[in-house]
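Hi there,

Here is the structure I promised to pass on. Have a look at it first, and then read on for what turned up.

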Amino acid sequence: MSNNSFEYSSERFDDIQLLRYRLDGFESLSLKQKLYIYCLAEATLWGRDITFDQFGKYNLRIRRALEAIVEAKIEQGSDDFSALVLYLNKVWFANGIHHHYAMDKFVPTFSQAFFERALRTVGTEKLCLSEGETLDEHIKILSKTIFDPSFLAKRVNKAEGVDIICESANNYYEDVSQAEVEQYYKEKKETAADKRLSFGLNSTLVKRDGELKEEVWHVGGRYGRTIEHIVYWLEKAISYAENEAQKEIIRLLITYYTTGSLADFDKYSIAWVKEHAGQVDFINGFIEVYGDALGLKGSWEGIVHYKNLEATQRTQIISKNAQWFEDHSPVAPQFKKAVVKGVTANVVCAAMLGGDEYPSTAIGINLPNADWIRAEHGSKSVTISNLTHAYAMAAKGNGFLKEFVIDAETLAQIEAYGDKTDDLHTDLHECLGHGSGKLLEGTDPDALKNYGNTIEEARADLFGLYYMADAKLQELGLLQSAEAYKAQYYTYIMNGLMTQLVRIRLEKQIEESHMQNRALIARWAYDRGKAASVIALVKQKGDDGTEKTFVKINDYEALRQIFAYQLAEIQRIKSEGDFASARNLVEQYGIKVDGTLHKEVLSRYETLNIAPYKGFINPRFTLVRDANNEITDVEVDYTEAYAAQMKRYSTEYSTQE
Ligand code: ZN
């Protein structure tokens, strides 16, 4: 498939835009590597039903009911039927009946009467009744779950003053209160020989006959039948692994899936974090805890990826020159590292997404989560270039830049260099920015407290911004043009001053630390260059004749000098642990939102009609065989439609436990 003909954007419904990602360089992998990926991909797809069940007690039963109604085409053509199809699309996307991001229960727009009538027509054998349950009882509980707005209203509810366990609709706990959960795990930790385990990570906590009990997720336990399928494909993958370390990692993971022992999980994580030699890597298990109000239970997720060798070469060049960058930065000498080591960020291509990473997914991963393992054994960090690329390609032509960029010349610059400088900025941020500089002796690393994250991100971003305009990047062959940095400078300032506000609701403030850091840098730079009008906010008529606000950068070289000043100052604050200055900067520039500008940005964004949430349709692998039935290749197909893929997964990767 040629570069131009690949369709990155696919269907759209409600607030969701579906995209496709391309497996760049997959064809040049060896057959063995492809088969390794194939087996790991099967293991990734098998976990889907676990995620559905974790996200809500009735999710799998509801999914089955909706799929059966659609398959039987009951009252097809009616408004009710179309509304139910839309609802099913949303349920597939969210792995359940709650919005994947907002956590609120979806509001159905089909009638309860239609739903109940349709279920009776479908009949019991197509549904997923519990043992001893009658059809009437089944219909009653599914109806209540879908239509009663107060029942299981929010997947995760962390509101103050409520029992965050009882009020969260996820399926990690049964009949237990927040106080009981906290007490249970407090005791568990106190009595455990190894207090560093991730207590509660892989179990449902239930109350049976008044006793609290963990139902552990492992072979022979809860989700056991599904886990057996995962283990089957992991075992198959072993014979195609690239090296001995990978084989050992998979064996350790299988042991963990078999025993359910958290000590086994730690052994696996430690082995995993040390393996760097192979090109293919994967995550498969109970990992992130955001879906539990108490942050204990890991949602099931899977991803398979392989190194993007070209991009990794780029980060290697940067890493190798880390000392040069440190020595030449505008930071005061006493805050610089005498010996600095760059980090080679692994840039990877996703090959398959599953569970909590599908269809909505992260674009970077940094694991393991256990702090003690990170401290003693390190962590692995990857950025996923083919997903970022798909986002960028899908954004082209959506009208966003045309709406917010001031003129054709700037727009052309961004179109020519924007993607390239974005990647490079991320590399500089990750490979050098976070690792640069040093704390003065005696400075408490936590001195900046709640402002620490924002200042740290600002430091890394400024390091990247400062060097983006440096001739060194051309000398190293990383940038071809001396003008390219202007694309990055313009979009960075436009984002920080204006367009990132599209992600914030009216009358809210900026809370997330990356967003705070971008606002901090952009607004501070604006203020600092105000007298000389380095950056201006100008009003001019847009294409539609209305007055609109635009960012205008009058002097790019002066802006670079402002970034240099900011970098030096932010590093000083960090090195000295100057809490008061950190607080002043973040409070002055990073948090508050100008209501008038915010309103304008939101309304301009709204007219573009861009779906705020995106997710991915997976590719489909097929084994190619010769006349002797020997496997000769693994083919990648990108044509499967969203609903077809979801229905196929529900059929092929389901045990309906
Ligand atoms: Zn960062």
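S203 stands opposite V216 in β5, and this pair belongs to strands β4 (residues 203-208) and β5, which run antiparallel to each other over six bridges. Strands here are DSSP runs of E with at least two residues, helices are runs of H or I with at least four, and both are numbered from the N terminus; two strands pair if DSSP finds at least two bridges between them. The sheet is open and mixed, with three strands in the order β3-β4-β5. Its edges are β3 (173-174) and β5 (211-216), each with a single partner strand, so one side of each has no neighbour in the sheet.

Before the rest, two notes on the model. It is a predicted one, where local features need pLDDT of at least 70 and side-chain atom pairs count only at pLDDT 80 or more, while totals for chains, interfaces and linings use all residues. Residues are numbered from 1 along each chain as its sequence is written, and side-chain values use heavy atoms, with hydrogens and water left out.

Next, the metal site. H429 (NE2), H434 (NE2) and E457 (OE) coordinate the zinc ion at 2.1 to 2.2 Å. Donors are N, O and S atoms within 2.8 Å of the metal (3.2 Å for Na, K and Ca), and water is not among the atoms, so sites may look incomplete. Along the chain the donors of the zinc ion are spaced as H-x4-H-x22-E. H434 sits in the loop between α16 (408-433) and α17 (452-468) and E457 in helix α17, so the pair ties together parts 23 residues apart in sequence.

Then there are two helix pairs. The axes of α4 (residues 79-94) and α24 (residues 642-652) are 11 Å apart, at an angle of about 65°. Axes are lines fitted to C-alpha atoms, for helices over the stretch in contact, and angles run from 0 to 180 degrees between N-to-C directions. Contact means heavy atoms within 4.5 Å: N89, W92 and F93 in α4 meet Y642, A643, M646, K647 and S650 in α24.

Helices α21 (residues 556-576) and α22 (residues 579-591) have axes that come within 8 Å and cross at roughly 135°. They are therefore oblique to each other, the class for angles that are not under 35 degrees (roughly parallel), over 145 (roughly antiparallel) or 65 to 115 (roughly perpendicular). I570, R572 and I573 in α21 meet S581, A582 and L585 in α22.

Enjoy exploring it!
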